[in-house]
Amino acid sequence: MLTILVPLLVLMILGAVIALESKDLLSGIISLGIIGFALTIIFLLLQAPDLAIVQIIVETLTLVILIAAILKTTREDTTETFGFKKILLWGIGLIAIAAFLLVTVNIFKHLPPFGSPVLRMAQPYIDLGLPMTGAANLVAAIILDFRGYDTLGEATVLFTAVAGTVAVLRSVGRKRA
Amino acid sequence: MRGMTPIVQCISRLMAPSIFLLGVYVVLHGHLTPGGGFAGGVLIAGAFVLLVLAFGSDEWRSRALNWNATVFESLGLFFFWFLAVMGLIEGVPFFVNVIAKANPGHPYRLFSAGIIPLCNAAIGMEVAAGLFFVFMCLAILKMGEKP
């Protein structure tokens with residue numbers, strides 16, 4: 001399993017670096033797609049089809065929306081930094097990466113091995129999911145019955161986000177600048 | 001935004017109903033197979049986005065379509081909240097699966113699990129309308145144009 005996962009993870013990191021460094025915004029967005037679709041394959045290999053379906057659909061739609069936005073505006077990355085500011089940003093970045101790796105290595109020494117669950121709370125959900133709710137899909141039983149409040153909040157957050165986007169982008173009732 | 005070539009238009013005219021149908025299937029079978037309201041809703045929105053990209057936005061710039069999107073989104077969220085509050089109306093705590101308690105149904109059938117398929121349908125309606133409306137606003141509208 002790890003022999004397939006590690007090349008995919010390396011590919012995701014490479015895609016992220018290319019997306020950050022490329023001067024052409026269109027190739028940057030296509031490199032962002034590498035991250036999402038490699039993550040889909042990882043979800044499939046780890047036997048999580050629910051997450052894989054959501055990931056591949058949302059990734060495709062997001063790429064289409066971003067490309068449509070770029071075709072209407074500009075294709076060039078025009079941000080530039082010079083001199084002392086650039087050195088400062090690189091220094092802070094390297095220090096942050098070193099601290100993050102140090103903490104991560106210490107944490108991974110205390111975690112249980114790969115593939116064994118961390119939480120004891122998962123077992124009652126797996127045992128009681130079908131008899132208590134009647135839903136054959138365990139994920140649906142959890143997100144819409146045991147953790148229904150979360151999903152209700154998520155739906156409300158999505159509605160608020162769409163309302164906010166439309167309020168920013170509309171032109172009726174907005175004063176001309 | 002202009003449309004694309006007749007080849008793209010013909011293929012997307014054939015593909016869009018299939019994508020729409022797959023989205024409806026994923027929403028309705030959310031409690032039996034992988035998927036659910038969110039994934040199916042994004043699929044339904046994707047079918048409309050494909051049509052808009054292929055045929056151009058001029059044919060879609062009607063006031064009624066955008067109005068329908070907002071109405072369906074609000075209706076989806078209202079339906080979801082109504083299903084959650086239905087427990088209080090029946091006299092049991094908030095968000096209790098009242099239909100499954102009264103009529104459990106057989107597991108692995110389409111009509112089972114009480115309010116879970118209804119919640120999936122509500123979420124799917126909200127997500128499809130909301131994402132399609134955001135796409136219309138982001139990619140189609142120009143400055144100083146009425147939505």
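## Domains of chain A

The domain assignment divides chain A into domain 1 (1–79), domain 2 (80–116) and domain 3 (119–177); such bounds come from an automatic or database domain assignment. Between the C-alpha centres of domain 2 of chain A and domain 3 of chain A the distance is 32 Å.

This is a predicted model, in which local features need pLDDT of at least 70 and side-chain atom pairs count only at pLDDT 80 or more, while totals for chains, interfaces and linings use all residues. Residues are numbered from 1 along each chain as its sequence is written, and chains are lettered from A and ligands numbered from 1 in the order in which they are written.

## Overall form of chain A

Chain A has 7 helices and 0 strands (helices are DSSP runs of H or I with at least four residues, strands are runs of E with at least two, and both are numbered from the N terminus). Along the sequence the pattern is α-α-α-α-α-α-α. Chain A is more spread out than a compact globule, because its radius of gyration is 22 Å, well over the 16 Å that the globule rule gives for 177 residues. That radius is taken over C-alpha atoms, and the rule is 2.2 Å times the number of residues to the power 0.38. The C-alpha trace of chain A spans about 60 × 50 × 25 Å along its principal axes.

Of the 177 residues in chain A, 13% are buried. A residue is buried if 20 or more other C-beta atoms lie within 10 Å of its own, exposed if 12 or fewer, and partly exposed in between, with C-beta atoms placed from the backbone. Among the contacts in chain A with a separation of 6 or more, 40% join residues 24 or more positions apart; two residues are in contact if their C-beta atoms, placed from the backbone, lie within 7 Å.

## Chain B and its helix α2

Chain B contains 5 helices and 0 strands, in the order α-α-α-α-α from the N terminus. Buried residues are 41% of its 147 residues. For contacts in chain B with a separation of 6 or more, the share from residues 24 or more positions apart is 69%.

Helix α2 of chain B (residues 37–55) has 19 residues and should span 27 Å at 1.5 Å a residue; its end C-alpha atoms are 28 Å apart, which agrees. The expected span is 1.5 Å times one less than the number of residues. Since 17 of the 19 residues of α2(B) are buried, this helix is largely enclosed by the rest of the structure. After α2(B) comes Gly56(B), with a positive phi near 85 degrees.

## Where the chains meet

In chain B, 46 residues are in contact with 36 residues of chain A. The elements giving two or more residues to this side of chain B are α2, α3 (63–90) and α5 (116–140) of chain B, and α5(B) gives the most, with 13 residues. By class, the side of chain B that touches chain A has 30 nonpolar, 12 polar and 4 charged residues. Here Ala, Val, Leu, Ile, Met, Phe, Trp, Tyr, Cys and Pro count as nonpolar, Asp, Glu, Lys and Arg as charged, and the others, Gly among them, as polar.

## The largest nonpolar core

The largest nonpolar core has 52 residues, and Phe80(B) and Phe132(B) have the most contacts inside it. A nonpolar core is a set of buried Ala, Val, Leu, Ile, Met, Phe, Trp, Tyr and Cys residues joined through C-beta atoms within 7 Å. Elements of both chains give two or more residues to this core: α3 (49–72), α6 (138–146) and α7 (148–169) of chain A, and α1 (6–28), α2, α3 and α5 of chain B. The largest share, 15 residues, comes from α5(B). This core lies between domain 1 (1–79) and domain 3 (119–177) of chain A, because both give residues to it.

Not counting residues up to four places away in sequence, Phe80(B) touches Leu152(A), Ala155(A), Cys119(B), Ala122(B) and Ile123(B).
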